[in-house]
Amino acid sequence: MIGWREITSSVPANTWVGKRFSVFGCFLLIVSLQPSYARISPNWPQSSVQGVEGMITHLPCMVARSHLGDTPNLVLWYKDGARLPFYTLDLREGVEKQEFVDPKLKDRIRTEYTGSHLVLDRALGSDSGRYRCRVDFNNSPTLSAIVTLTIYVVPTRLVILGEDKKQVRGGVLRSLTEGDPLTLYCIATGGRPPPQVSWWKGDQLLSNRSIVVGEDGTRLASEEEGDELFVGMGMEVGIRHVRTMLSIPALSRDYARANISCKAANNNITEPLSTTLYLEVYTQPSSVVISGDGTPLVEGQSARLECVASGAFPTAILSWEKSALDQKTQHLKGTPHNLGEVSTSTLIFGPEASDHGATLTCHAHNPNLPSMGVSTSTTLQVSFVPRVTLRLGYTLASQPVTEGDDVYFECEVVSNPPPHTIKWFKDGSEVHHDLRAGVLVSSNNLVLQMVRRTSVGNYSCSATNKLATVESNSIALHIRYLPVCSDPPQTVTVVEGEDVRLTCRVDANPKDGLRFTWYFNNTLDTVEVERHRVQVKSGYSYLDYTPRSSRDYGVLACWATNTIGTQADPCQFTVVEAGPPESVTDCDLVNHTGGSLEVLCTPGEDGGLPQWFEGRVYSSPSYKLLVMLEESTPRFHVGGLTPGSDYIITITSRNRKGTSHPVEIDAVKLKVAEKRMSDVSSPPVSPLVGVFLGLVGGFILLLGLGITLTVLKLQRCLRQEQAENQAVVIQAEGSPPTNVKTAATTTTSSAKTPTSVPSSTLECLGVREEVGPDVVKSASGEWDVCAISSRTRVVLPQ
């Protein structure tokens with residue numbers, strides 16, 4: 001047996017255990033040195049956790065307490081069968097939480113308050129191994145669990161080399177032409193286990209046959225046939241790396257403006273390490289065509305021509321040129337549309353009469369190639385239609401527009417004949433004159449008075465003469481405005497001492513450089529929140545708020561300011577204190593059998609905190625506590641009760657702030673018959689049962705004879721009254737009908753239609769008005785069915 005002096009002398013003074021040695025530390029050392037705990041039991045719960053180097057990893061302690069409500073006192077963690085724990089957490093009641101951590105892990109290890117998880121910050125590859133957690137409880141026996149941790153070390157670097165063994169930088173491979181061969185190498189450095197390196201074009205796998213080179217420069221594995229190994233391609237000896245080659249015999253048009261990627265991955269937790277290379281493969285256009293309707297243009301109609309160039313990559317640049325008969329050259333602007341290798345330019349113009357016979361030329365060229373490109377021409381037969389141009393007012397062209405300003409547009413029209421109609425459009429919908437809304441339309445001008453943020457959009461105009469209608473260019477109107485709250489006022493329930501994050505989101509233009517100011521207001525004062533506590537992100541601000549006392553509950557208001565100014569109405573957050581939960585409602589016995597019962601209730605408000613429910617079963621009327629249960633939902637099942645007994649059930653809601661008023665279910669009696677039905681087997685039959693059954697049979701025979709005589713007497717009375725053609729009903733004191741009882745047996749009229757009994761029949765039957773027993777004896781000493789309670793209705797068959 002180890003003595004106290006031997007224990008203290010075995011602890012070095014310069015270790016973390018020795019520095020913190022105390023009565024508690026001595027207890028830990030004695031417990032940790034017991035050899036029985038060093039062995040791994042097959043009955044211990046086991047789990048596996050995977051992590052990545054440099055990331056946070058959680059190790060769960062998968063132990064389950066055997067006693068409800070039991071709490072842990074001590075949590076210890078061991079690694080790889082070590083006899084001493086590297087982490088200890090003391091959770092005993094009345095003792096402030098204490099942690100004892102191996103100094104080598106002190107900056108990287110922490111745990112949750114209850115010790116259910118161990119957290120490794122910035123996990124290392126050396127952290128891989130088998131961990132054991134041990135938990136000591138107040139009442140339950142000590143429990144242990146095993147966690148197997150695997151830490152992946154991801155590759156640290158990807159390098160792409162060209163065929164000349166030089167690194168490709170900038171992510172772009174330039175000066176490629178269609179038909180040229182292409183060879184590339186992708187080299188991944190580091191990673192355990194070695195990563196899989198592959199080449200991709202979108203979702204298409206191009207190559208994944210790799211060579212693994214060890215730290216000494218020797219080949220460890222190869223999936224390439226006939227590949228020549230070379231070392232020193234920008235890689236250092238002493239570092240393991242994996243290389244994959246991509247070989248394309250001839251570049252096709254599919255690789256023009258394409259992205260190819262190299263990926264390296266050795267786990268399924270993190271995204272693969274990836275690098276992308278953009279390929280510039282230059283091609284000239286193969287054809288240029290001008291298309292139209294083939295008929296001469298009519299003066300005054302809109303002209304629409306398209307120039308289509310195909311085969312160029314990158315996309316060819318198209319330009320229009322009009323050469324008049326007087327040899328004057330005019331460059332025209334078309335609307336470009338690019339789709340893959342096809343470039344389209346649409347030219348819409350209103351030609352003048354002087355343009356008749358002019359030559360229209362479309363040029364297509366690749367700016368990355370030195371050749372002049374390809375061009376085509378056509379001779380125009382033109383007419384004159386309106387030319388329309390939209391622009392902002394002269395004073396607004398160089399100034400930003402702010403909410404509340406006046407904005408006006410000018411629609412310039414050159415037309416012959418002059419236009420008779422000018423229309424305005426916003427986002428494709430026509431704009432009409434509306435003085436109340438501040439929209440003024442007059443001739444060639446559109447005025448927007450005191451613009452609001454809803455006035456933002458794309459504006460255009462159109463001009464119409466007797467020949468055609470032409471629409472102008474589109475101008476996007478941008479409006480600067482003050483910040484406004486994106487969310488409605490919020491109410492937040494917080495427990496005293498807990499943190500809550502309040503996020504203030506606003507809509508503003510501009511939103512760059514937003515500044516936020518927070519104020520706290522309660523019934524006593526209003527103070528500004530220190531700016532170092534306020535965090536500002538793009539478009540929003542958040543505040544981590546912790547109420548420390550009742551004075552910290554109130555309203556937090558947030559104002560945002562941009563270059564226009566400060567918002568008018570702040571964003572508000574009402575912070576209220578969490579309280580005890582409300583009582584349960586609508587309690588019901590959903591399953592009521594001979595020896596068990598089940599109660600189901602509807603939970604009330606939780607008071608802003610997680611709540612649980614406590615059910616208690618008492619015997620009645622002694623009010624002795626029999627069973628106490630605790631559940632996360634208000635549903636309780638109680639078994640092992642005595643049939644035929646009364647019970648009282650109380651349901652109470654609880655949270656960390658307190659308890660609700662208990663809800664009581666009174667006088668629950670279990671049925672004996674249901675208990676008998678649940679018996680599996682019947683006891684053996686006694687000979688006395690036969691005697692008892694004989695007596696019961698004789699009694700039933702006599703009872704039947706009495707009932708027959710009574711019915712005959714009633715029929716005689718009825719025949720006397722039927723002769724007088726009177727219908728009678730016995731309804732004493734207006735009470736609801738009940739069944740007729742004779743001797744201890746109740747009989748109820750059924751198949752036949754009921755007939756009422758008149759008052760004369762009552763005299764015959766000897767009915768009395770006073771409230772008494774259902775059946776009384778007649779003067780002869782026999783049971784008389786006519787003596788019926790005044791609350792009984794008699795219904796006789798016809």
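How many buried residues are there among the 5 residues of strand 24? I counted 0 in strand 24 (residues 335–339), so I wrote it down as hardly covered. Buried here means under 20% relative accessible area, exposed means over 50%, and partly exposed is in between (1.4 Å probe, protein chains only). Strands are DSSP runs of E with at least two residues, numbered from the N terminus.

**Ground rules.** This is a predicted model, where local features need pLDDT of at least 70, side-chain atom pairs count only at pLDDT 80 or more, and totals for chains, interfaces and linings use all residues. Residues are numbered from 1 along each chain as its sequence is written, and side-chain values use heavy atoms, with hydrogens and water left out.

**Confidence.** I checked pLDDT next, the predictor's confidence in each residue, from 0 to 100. The protein chain has a mean pLDDT of 77, and 77% of its residues reach 70 or more. Over residues 724–798 the pLDDT is below 50, and this stretch has 112 contacts in the model beyond near neighbours in sequence. A contact means heavy atoms within 4.5 Å. Residues 672–685 also stay under 50, with 8 contacts beyond four places in sequence.

What does strand 24 pair with, and in which sense? I found strand 25, antiparallel, over 5 bridges. Two strands pair if DSSP finds at least two bridges between them. Pro-336 stands opposite Ser-345 in strand 25. The hairpin has 2 residues between the strands, and Gly-340 takes a positive phi near 65 degrees there.

I then clicked on Thr-344, which sits in strand 25 (residues 342–349). Is Thr-344 buried or exposed? Thr-344 counts as buried, because its relative accessibility is 16%. Leaving out residues up to four places away in sequence, Thr-344 touches Glu-306, Cys-307, Val-308, Leu-318, Thr-335, Pro-336, His-337 and Asn-338.

**Arg-257.** Gly-340 came up again here: Arg-257 touches it, along with Tyr-278, Leu-279, Val-281, Phe-313 and Thr-315, not counting residues up to four places away in sequence. Arg-257 is in the loop between strand 17 (241–248) and strand 18 (258–265). With a relative accessible area of 43%, Arg-257 is partly exposed. I also noted 8.8 Å between the C-alpha atoms of Arg-257 and Tyr-282, which are 25 residues apart along the chain.

Gln-490 stands opposite Phe-573 in strand 46.

**Salt bridges.** My rule is a side-chain nitrogen of Lys or Arg within 4 Å of a carboxyl oxygen of Asp or Glu. The count comes to 16 salt bridges by this rule. I went through a few.

- Asp-90 and Arg-92 meet at 2.9 Å, N to O. Asp-90 is buried at 0% relative accessible area, while Arg-92 is partly exposed at 34%.
- Arg-391 and Glu-412 have their closest N and O atoms 2.2 Å apart. The pair links distant parts of the chain, with Arg-391 in strand 28 (residues 387–392) and Glu-412 in strand 30 (residues 407–414), 21 residues apart.
- Glu-498 and Arg-656 meet at 2.0 Å, N to O. Glu-498 lies in the loop between strand 39 and strand 40 (500–509) and Arg-656 in the loop between strand 52 (646–655) and strand 53 (658–659), so the pair ties together parts 158 residues apart in sequence. Arg-656 is exposed at 55% relative accessible area, whereas Glu-498 is partly exposed at 29%.

Last entry: Glu-614, Arg-616 and Arg-654 are linked in a network of salt bridges.

Key
Helix = DSSP H or I, 4+ residues; strand = E, 2+ residues; numbered from the N terminus.
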